[in-house]
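Here is a short briefing on one part of a structure. Please look at the model first.

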Amino acid sequence: MVMRLEVKVAVSKQTKKTKMPEQNPQQRVNNFGEVALGYSAEDAINEAKRCLQCKNPLCMQGCPVEVDIPDFIALVAEGKFEEAAKKIKEKNNLPAICGRVCPQEEQCERKCIVGIKNEPVAIGRLERFVADYARDKEEIEAVTKQDKGKVAIIGAGPAGLTGAADLAKMGYQVTIFEAFHEVGGVLTYGIPEFRLPKAIVKDEVEKIEKLGVEIKLNHVIGKIKGVDELFEEGYDAVFVGTGAGLPRFLGLEGENLNGVYSANEFLTRVNLMKAYRFPEYKTPVYVGKRVAVIGAGNVAMDAARTALRLGAEESIIVYRRAREQMPAREEEIHHAEEEGIQFKLLNNPTRILGNEEGFVTGMECIKMELGKPDDSGRRRPVPIEGSEWVMDVDTVIMAIGQSPNPILLKDSPEIETTKWGTIVADEDTGETSKAGVFAGGDTVTGAATVIEAMGAGKRAARAIDEYIKGSKK
């Protein structure tokens, strides 16, 4: 039975979340500075006092990394911010990141009892405040290794970093092999600076390294060495957290024209290769006057908002369903609308048009209507015959999802995969069809959320611990 902290403050009768300050939309479209500016100490205490401190806190059921939400909020309400940070870090190794990019409205906040009659407690905003407050005050002590074993982590994204940190805390010798020249996975190459400053990612990763985790960059497992070679080098278990970095396309006529990007390439150029800081970084990215982004998830919003900041006069989301079916977070849709992103809903591209020089000049679309629900539960979009029309654009960005990169799996054919290229792994343990190999995050689920990947890394770390202890008996 979990003992709750005794709260010494009165519960607030405030019905709505404490508003978070933000950059003005007209100003922020001209810079890559963070949009949401975070709570002050006063804001955080006011919001924390809205928590009812339920005896049976349902909010915790919605947290994939098992944070003790009521206890950390109780500490915030009392102004004990550093203690609140320690409470969060008992479970969450990346709190400053989660407080910014996790869809709390679909997870912990959705289950908040306060949200039945009023707006739920702003758990994510409080987590962000606490993590930011403690960033320069927190002292990380390396964990004394106990010769429990060696674990190789493939991929330094949210799943890999979480699994590595948890295993290091258990006393294992952990090495992360990262293909890129920087750590973070989608946190670094995918999510724009205005949503997640890279200094935050760097800081969180450095704290994981201080636990004793070794990180080897520019190591493409599947090319320089395979999974079997890792076992030959003395690793007792391997965790695969390589994410989903292989972009999908629609197979349309004209997709090979100049000016057509995958969102993955576009955002990687801008974020990882710092194209937004050209000419300081000599990695320019071409953006025309009118940009069309196909899709309506968070990645699509990121691409459309990034294009605007790079100088596009118009940035347009093209989506085959209606607004209520858009998979992006409501907060991201709201920010996009504030910034002037246009939405061409119930439209689907049919071909991309170009000139003799091979550059995009337009995109043909067909209008759609919603029919009966499909397997996802959303009403199926149906083309309206004869409704084709041409949109005048010079840049097209495909943001319709990604799949795992097959390089690693070609080297290890005994690891079972699905028809979509994702790894088959046990939902609770991450165990794959190859003994000693575990997997989690987007490489198993396909493109999903940061916090879900972290939860998979945490569950796999526990399972790896049990596996190694069992194999050494």
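Which residues in H7 meet which residues in H16? Pro158, Ala159, Thr162, Gly163, Asp166, Leu167 and Met170 in H7 meet Val450, Ala453, Met454, Gly457, Lys458, Ala461, Arg462, Ile464 and Asp465 in H16. Contact means heavy atoms within 4.5 Å.

This is a predicted model: local features need pLDDT of at least 70, side-chain atom pairs count only at pLDDT 80 or more, and totals for chains, interfaces and linings use all residues. Residues are numbered from 1 along each chain as its sequence is written, and side-chain values use heavy atoms, with hydrogens and water left out.

- The contact of H7 with H16 divides into 9 nonpolar, 3 polar and 4 charged residues. Ala, Val, Leu, Ile, Met, Phe, Trp, Tyr, Cys and Pro count as nonpolar, Asp, Glu, Lys and Arg as charged, and the others, Gly among them, as polar.
- H7 (residues 158-170) and H16 (residues 450-471) pack at about 35°, with axes 7 Å apart. Axes are lines fitted to C-alpha atoms, for helices over the stretch in contact, and angles run from 0 to 180 degrees between N-to-C directions.

**The sheet**
- An open sheet of 5 strands runs S3-S2-S1-S4-S16, with parallel pairing. Strands (E, at least two residues) and helices (H or I, at least four) are DSSP runs, numbered from the N terminus. Two strands pair if DSSP finds at least two bridges between them.
- S3 (214-216) and S16 (437-439) each have a single partner strand, so one side of each lacks a neighbour in the sheet.

**Helices on the sheet**
- H7 lies across S1, S2 and S4, at about 165° to S2.
- H16 lies across S1, S4 and S16, at about 165° to S4.
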